[in-house]
Amino acid sequence: MALLIRGGEIVTAESRSCGDIFIEDETITHIGLEFTAPPGTELIDATGKLIFPGFIDPHDHIHLPFMATFAKDTHATASKAALIGGTTTFIEMCCPSRNEDALEGYNIWKRKAAGNSACDYAFHMAVTRYDEKTDAQLREIVRDGTASFKVFLAYKDFFGVNDEELFQTLRLAAELGVITTAHCENAELVSQLQQLLLAEGKTGPEWHEPSRPESVEAEGTSRFATFLEQTGAAGYVVHLSCAPALRAAVEAKLRGVKIYVESVLPHFLLDKGYAELPGVEGMKHVMSPPLRDKRNLPVLWNALQAGLIDTVGTDHCPFDSGQKLLGVNAFTQIPNGIPGIEDRVNLMYTYGVKRGTLDIHRFVDALSTRPAKLFGLFPRKGTIAVGADADLVVYDTNYRGTISAATQNSNNDYNGFEGVAIEGRPSLVTVRGKIQVRDGIFAGEPGRGQLIRRQPQYGGHQAGNEAIAHAG
Ligand code: URP
Ligand code: ZN
Ligand code: ZN
């Protein structure tokens with residue numbers, strides 16, 4: 001059925017204007033004032049509301065075997081949580097461990113998602129080992145439409161790659177024109193520091209941050225940038241958390257390295273004091289890189305506004321209280337991760353746009369348009385334009401609420417932002433023209449989400465920047 005969204009204020013990464021949006025099947029076919037819809041069109045009155053392009057979360061973990069357990073969400077629960085929070089596409093990290101076959105892992109992740117996600121999705125393919133089969137397998141995965149890789153410079157002996165494997169991965173990525181996302185912490189330093197702390201009897205969650213200090217992340221970021229420079233590959237630093245790591249990334253940007261930066265929701269709003277809370281309360285806030293000293297928070301906000309941080313993701317990775325308690329005797333055993341897929345848009349809107357720290361167009365850019373451009377989803381997704389997928393968020397800026405595990409849709413018994421106020425939320429969300437959320441409630445079709453296949457877009461030394469400039 002056709003849909004007409006009437007009377008709202010359309011806000012994209014570049015512009016703000018009043019207009020009606022007409023949708024036929026899955027696509028926006030007309031934008032203009034006072035459009036007369038054909039009979040049978042469903043009318044949505046968006047008067048007084050903002051209309052954003054569907055938000056894109058570039059960094060999520062849904063199926064994740066990790067640290068002796070599994071992340072809690074399924075594709076069904078995570079995608080509903082995403083949609084209720086205004087995210088219409090997520091990119092999941094496909095993470096087989098170092099001991100698993102990459103292609104088998106890729107097929108497992110695809111099977112888990114297929115027919116179960118209510119919103120659209122794509123994958124970053126993690127390279128957790130580089131052996132004689134890897135080259136051919138990665139070529140096949142890219143041909144299948146997964147045009148981005150992931151490497152971990154952390155998590156020694158599990159997901160982590162060594163420098164030789166990093167070099168081989170980036171050489172192939174440069175040849176294929178795909179972008180490589182990277183978790184940048186020095187695995188060996190983390191491992192040595194963890195052992196020293198445990199030997200001193202320092203076992204609680206408050207020791208997680210000292211085991212992976214800011215300089216360890218800065219080293220990882222700087223090393224990743226150097227490898228990008230030497231291979232000509234395009235790279236994307238995930239979940240950058242602190243000023244020294246940002247400085248390393250910006251220095252590389254200034255040298256002309258094709259490096260992009262993501263920071264994630266918790267690092268904008270929470271500091272390491274949360275992980276220092278006693279017992280399980282502290283464990284709930286253990287993630288990597290860790291929550292940092294609070295002097296980093298304004299640095300991240302300023303860098304985001306300035307565009308030095310390109311995108312905001314969540315690194316959604318829910319473990320419940322029972323799972324967190326696996327680390328009751330040693331902080332090194334606390335499953336790393338925190339949920340966020342449901343809360344990113346509302347929290348960044350409230351504490352960024354509403355508080356005057358973040359321009360509304362940069363907000364749309366960082367949470368939708370730039371992820372779409374960097375990862376080959378644009379212009380199908382990430383904007384509101386004739387011909388684009390009708391992924392839309394009608395946003396109610398008058399809504400007032402409080403985040404709570406009691407009302408969340410993600411499958412977890414806690415929320416790291418418990419009790420935090422929000423000033424705005426999606427009142428209606430569409431995915432490819434179908435209404436999936438009304439007034440904060442999932443009202444659509446479970447399992448309707450599609451795997452969005454992407455093309456490599458970083459062909460040569462100039463191609464990455466060209467792709468971004470061309471698209472934007
Ligand atoms: O603590 C985190 N970030 N958990 C998820 C895995 C990762 O490193 O992204
Ligand atoms: Zn990570
Ligand atoms: Zn992650």
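Trainee: Which residues are around ligand 1 in this structure?

Mentor: This is a predicted model, and in it the residues around ligand 1 are His59, His61, Tyr155, His183, His239, Met287, Ser288, Asp315, Cys317, Asn336 and Gly337. By class, that shell has 3 nonpolar, 7 polar and 1 charged residues.

Trainee: What makes the approach of tyrosine 155 to ligand 1 a polar contact?

Mentor: The rule asks for a pair of N or O atoms within 3.5 Å. A polar side-chain atom of tyrosine 155 lies 2.6 Å from an oxygen atom of the ligand, so the pair meets that cut-off. With asparagine 336, a backbone N or O atom lies 3.0 Å from a nitrogen atom of ligand 1.

Trainee: How much of ligand 1 does the protein bury?

Mentor: Ligand 1 exposes 270 Å² when taken alone, and 99% of that is buried by the protein. The space that ligand 1 takes is the largest cavity.

Trainee: How many aromatic pairs are there?

Mentor: The count comes to 19. One of them joins phenylalanine 22 and phenylalanine 35.

Trainee: Why is the pair of phenylalanine 22 and phenylalanine 35 called tilted?

Mentor: Two values describe a ring pair: the distance of the centres and the angle of the planes. Here the centres are 4.7 Å apart, and the cut-off for pairing is 6.5 Å. The planes stand at 35°; under 30 degrees would count as stacked and over 60 as edge-to-face, so this pair is tilted.

Trainee: Why does that pair tie together parts that are 13 residues apart in sequence?

Mentor: Because phenylalanine 22 lies in strand S4 (residues 20-24), while phenylalanine 35 is in the loop between strand S5 (27-32) and strand S6 (42-45).

Note on methods: Residues numbered from 1 in each chain as written. Chains lettered and ligands numbered in written order. Predicted model: local features only at pLDDT ≥ 70, side-chain atom pairs only at ≥ 80, totals over all residues. Heavy atoms only, no water. Near = heavy atom within 4 Å. Polar contact = N/O pair within 3.5 Å; in protein donor to acceptor, adjacent residues only side chain to side chain. Areas by Shrake-Rupley, 256 points an atom, 1.4 Å probe, with all protein chains shown as cover. 1 Å grid on protein atoms, 1.4 Å probe; cavity = no way out; pocket = protein on both sides within 12 Å on 5 of 7 lines; lining within 4 Å. Sits in = over half its atoms within 2 Å of the grid points. Nonpolar A, V, L, I, M, F, W, Y, C, P; charged D, E, K, R; others polar. Phe/Tyr/Trp six-rings, centres within 6.5 Å; stacked < 30°, edge-to-face > 60°. Helix = DSSP H or I, 4+ residues; strand = E, 2+ residues; numbered from the N terminus.
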